[in-house]
2 protein chains.
Amino acid sequence: MDFTVEFQPLGLRIQCDQDINALDAARQAGIQMMAVCGGEGTCGKCVIQILESKQLQQPTPTEIKHLSPQQLDAGFRLACMTTLTADTKLYIPASSIIEDQIMQTEGDAVQQELHPAIKQTTIILNKAYLKDLTSDFSRVKNAMVDPSLHANLDTIRRIPPILRENDWTVNLITRGNRVINVTRKKIETPLGLAVDVGSTKIACYLIDLDSGKVITAKGTPNPQIAYGEDIMARLAFAIQNRENAEKLHTLTMDAISLIASDMCRRINREVHEIMDFCLVGNTAMHHLFLNLPADSLAVSPFVPVMTDPLYPSANTLHLSAMPGAGVYAPPVKAGFIGSDHLAFLYATGFGKDNKIRLGIDIGTNTEIALQANGHIVSVSTASGPAFEGAHIAFGMRAAPGAIEHVTIDEDGKTIIDVIGGQKAIGVCGSGILDAVAQLRARGLLNHRGRFVKDRPCIQIDENGKPLFALSDGSQPVTLSQEDIDQILLAKGAIRAGIDVLMDHLQIKPNQVEEVVIAGAFGSYMLPEHAMGIGMLPTLPLDRMRIVGNAAGTGAQMMLISTNARQEAETLAEKIEYLELTVYPEFPIFYANGIRA
Amino acid sequence: MDFTVEFQPLGLRIQCDQDINALDAARQAGIQMMAVCGGEGTCGKCVIQILESKQLQQPTPTEIKHLSPQQLDAGFRLACMTTLTADTKLYIPASSIIEDQIMQTEGDAVQQELHPAIKQTTIILNKAYLKDLTSDFSRVKNAMVDPSLHANLDTIRRIPPILRENDWTVNLITRGNRVINVTRKKIETPLGLAVDVGSTKIACYLIDLDSGKVITAKGTPNPQIAYGEDIMARLAFAIQNRENAEKLHTLTMDAISLIASDMCRRINREVHEIMDFCLVGNTAMHHLFLNLPADSLAVSPFVPVMTDPLYPSANTLHLSAMPGAGVYAPPVKAGFIGSDHLAFLYATGFGKDNKIRLGIDIGTNTEIALQANGHIVSVSTASGPAFEGAHIAFGMRAAPGAIEHVTIDEDGKTIIDVIGGQKAIGVCGSGILDAVAQLRARGLLNHRGRFVKDRPCIQIDENGKPLFALSDGSQPVTLSQEDIDQILLAKGAIRAGIDVLMDHLQIKPNQVEEVVIAGAFGSYMLPEHAMGIGMLPTLPLDRMRIVGNAAGTGAQMMLISTNARQEAETLAEKIEYLELTVYPEFPIFYANGIRA
């Protein structure tokens, strides 16, 4: 009973051999749909339109609640409520794709006014003749009424043939007073690329620089993973010799070029039409994508080579692009506070108001910022990869077969949600978080994070060690004491960072007006469970804001606006970096943080 | 009787098989010695020191006049008065080498104050530690107290290893607020290269940027000659396709790199230590050395692509140089008024005073400028290659065997000076000029430039055409009516240019306070003979100033001084280009000019 699901307008297809939830089908096709609630039908964001299907389901009560009768009649449904059983053609509105999340869903200040760095001007010149011997370039400068206009030799070389073959008409592509390229006529829908180079995933956003809109967005695994799962392993590889560093640089740039080519091809454009780039990443990624020596990032005191914003040409970075295209690399702050953190803070309103705001971007390193009392202070804490499923016996990334949510009843019985609705094969970050919160709530873990062995639902393995089964069956998914320890260390590191910041700026938890949570794990995690295990201080849920890949949004904002670049650079200067390891009370906060 | 002549400090040697004049020996070795008088013993510039010789000549009366007894005792002689007959080791003082001519011989304003574009600063930084996490580059900026300091990625990449291997000490090489390179310690005697890219010869001057002094100078034939003797032929080749243009570009740059390598090797340095360049040339050379499309220079209205000053990196021009080294390419004015003309005018004081001054740079194209009444107006005139010996039956460049000076007595008998003192095999520009002036003075040419056939010294060839023998013997050197015509056309073109300028600015010949004559031919020509044939208006000889390769001097001045660059750019804006072909009276002046 094989069938095909086709996704428009992206033109992607997947082949299915059994019934599948539409949200999971989209994930399988590589489309990251909005699912703030984790697919529970409560957020109503994962709207799709069924274009062609042999059997259109009757709307569920949840769908009737979230969608209008007109929408329902037109075939709109919620992806998480829809089970696909036969050939289907779906339409996914841009507002349902996760990469657009903040720009589309948040009304406050993340809508970015357009001030593109790149401008186009088509000019018609008077032809040269014996009584007007002005040079080609001076003729261009006069038409632009800008005596400071300049260009590099490559660009100047392209002007004379265009003028003489195109009836003395030329389209100038300029950045400030610099002509970066010339074409015969104005390029409609000029393309830019915003990129968030994550350690795990590279997220690319192809943008129409004339409207500021995302045309298409796509993520790809960071190919550096082959040289080390975590940043430190990759840095260790990179600093062995210059060739290794070049290899990581080249791999990253090639991956971006490849994904950009693919996105351009989908809209019948060429990667060589991309005119402008904005690349953000943590400081290690930043140094690797700029091919800066990363040696100093690998050893204490973890000092960056360069923190200033940089504007290299795409060409010098070996990125496929229009000749003359430039790359904006926003500033980084410290060895573990990169331009992705800056982009996250900028996109979520830091520095624009005086709200007491906590920003948390959860990853292998978790960056945390607190805005309060006229300060913005950032820390980075080594939370480790437990929330990404690493170092956990049955850990896995959020992918089909992963337990993403867990409830434990009073008898110690589990109710689980598995991604893809299939048999559980592992547990991802949000499931682990849920499990620990529920184990603690049900008294199955004590306050030191030890299993309470005399409870019947706590199993004992062949080595006499306690074990808790999240799912049973022939291949049960279980959590060991070691797994619990990893989780507690991770959440403890995050909580200690938060506590140090609040202590440093003399803020009490209940004074925090907003907690902004970013990152792939952060997008799936339930804040109440994060509070339940003490990862976050206990606060009303309405102060929590889940923002997905806010760093990507920040990169998009800086791509389309020189004002945003300026504001972000001002923000970068304002951010104070606090080195946790030299904060006197850090050990105490950490010891408290890791308690269950 | 083979013997060797060795030249110090250059370390050059030549092998001789017969007695040789020391000035000619130097020329054979490729050393262009000062010989303003043409080797007649009157200027006293070609000073040499005999270091080792089997027989040291007694000083001649001419040498006793020009040199002190102490100098004579120490072995100093005039090269033009010295005949070498056996193994000799000579020392040539820098002041006797022609490339230094103007800087050494002219006291007025060509001495250039140093304001090098490139500076070096050695800084010692505080080592990074956990309580001072400033990035490497910010640390550099702080030490330089310049927040605007910046650098490209290549340069930034070189900083961290130097800091960490060199005890946090680094030497910055900066241009303005841009770090162009970093080294472990200050480079003593920083090197710069000034280049005059002539159509025939490329003259290179290796300069100590710390003192502004010429270390060594060397010329090489322009290898483009293989693709056309004159500029138009080369442009015709270049515009056939992009590959041809690239080839001319590459040939030129390789020739400069080769000569620069050679000069560096002589002083135990590397070509990759050259930090800064200034390249001048006529507009065709300028476009070819910058690899700009030259198509528009090949056809009327001969419009340049770019007239603005340019600052490409040496790297983009494929010049061997220090990484980060830049090239200063001063502005050009028009299709036939290049940056060599600007450099010539700048070096000879145009724009710095209000003297009524005529500047003439004689070549295949002769550029002429007149400064008067607050204006500086330039013209270019196609004087052709006759003065370089081309299109003349026995014409040759100024090389051994060339008749360089001619006197004709009342009986039509000739007295000739031959370069190298050997048998005459041809005649060079200055000899041709002399011959025509003397033929006219002795009434052997009429006012229309025709040979007066009934004079006994006018021979008639087998075709019945008149002929004048400059030298007799088995292989006489003769001048035909066609040769005379070529000379008259050339001098007529120059005179017409001068007359148009004087007419345009309403200046009478005797108002001209100074006539500055540059170019290889101009350096050897006797001004009285140039006036004799009407190439120049008749003026007192003391208003004539022969300046040799003044364009090379201008290039040196701009290399060592950003002030000079600024002043030259201001001068370029002041220069008014006059297109001769649209000047209404030009045909009349030209018709007058070509009369004998």
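**Terms and values**

Author: Strand β19 (residues 375–381) of chain A has six of its seven residues buried, so β19(A) is largely enclosed by the rest of the structure. This is a predicted model, in which local features need pLDDT of at least 70, side-chain atom pairs count only at pLDDT 80 or more, and totals for chains, interfaces and linings use all residues. Residues are numbered from 1 along each chain as its sequence is written, chains are lettered from A and ligands numbered from 1 in the order in which they are written, and side-chain values use heavy atoms, with hydrogens and water left out.

Reader: What makes a residue buried or exposed?

Author: Buried means under 20% relative accessible area, exposed over 50%, and partly exposed in between (1.4 Å probe, protein chains only). Six of the seven residues of β19(A) are buried.

Reader: Why is β19(A) said to pair with strand β18 of chain A?

Author: Two strands pair if DSSP finds at least two bridges between them; strands (E, at least two residues) and helices (H or I, at least four residues) are DSSP runs, numbered from the N terminus. β18 (residues 366–372) and β19(A) pair in the antiparallel sense over seven bridges. A:Q371 has A:I376 in β19(A) as its bridge partner. The two strands form a hairpin with two residues between them, and A:N373 in the turn has a positive phi of about 50 degrees.

Reader: Which strand is parallel to β19(A), and over how many bridges?

Author: Strand β28 (residues 575–577) of chain A runs parallel to β19(A), joined by three bridges. One bridge partner of A:S378 is A:Y577 in β28(A).

Reader: Why are helices α7 and α8 of chain B called oblique to each other?

Author: Helix α7 (residues 231–238) and helix α8 (residues 242–266) of chain B pack at an angle of about 130 degrees, with their axes 7 Å apart. Axes are lines fitted to C-alpha atoms, for helices over the stretch in contact, and angles run from 0 to 180 degrees between N-to-C directions. Angles under 35 degrees count as roughly parallel, over 145 as roughly antiparallel, 65 to 115 as roughly perpendicular and the rest as oblique. α7(B) and α8(B) are therefore oblique to each other.

Reader: Which residues of α7(B) and α8(B) meet?

Author: With contact meaning heavy atoms within 4.5 Å, B:R234, B:F237 and B:A238 in α7(B) meet B:N244, B:A245, B:K247 and B:L248 in α8(B).
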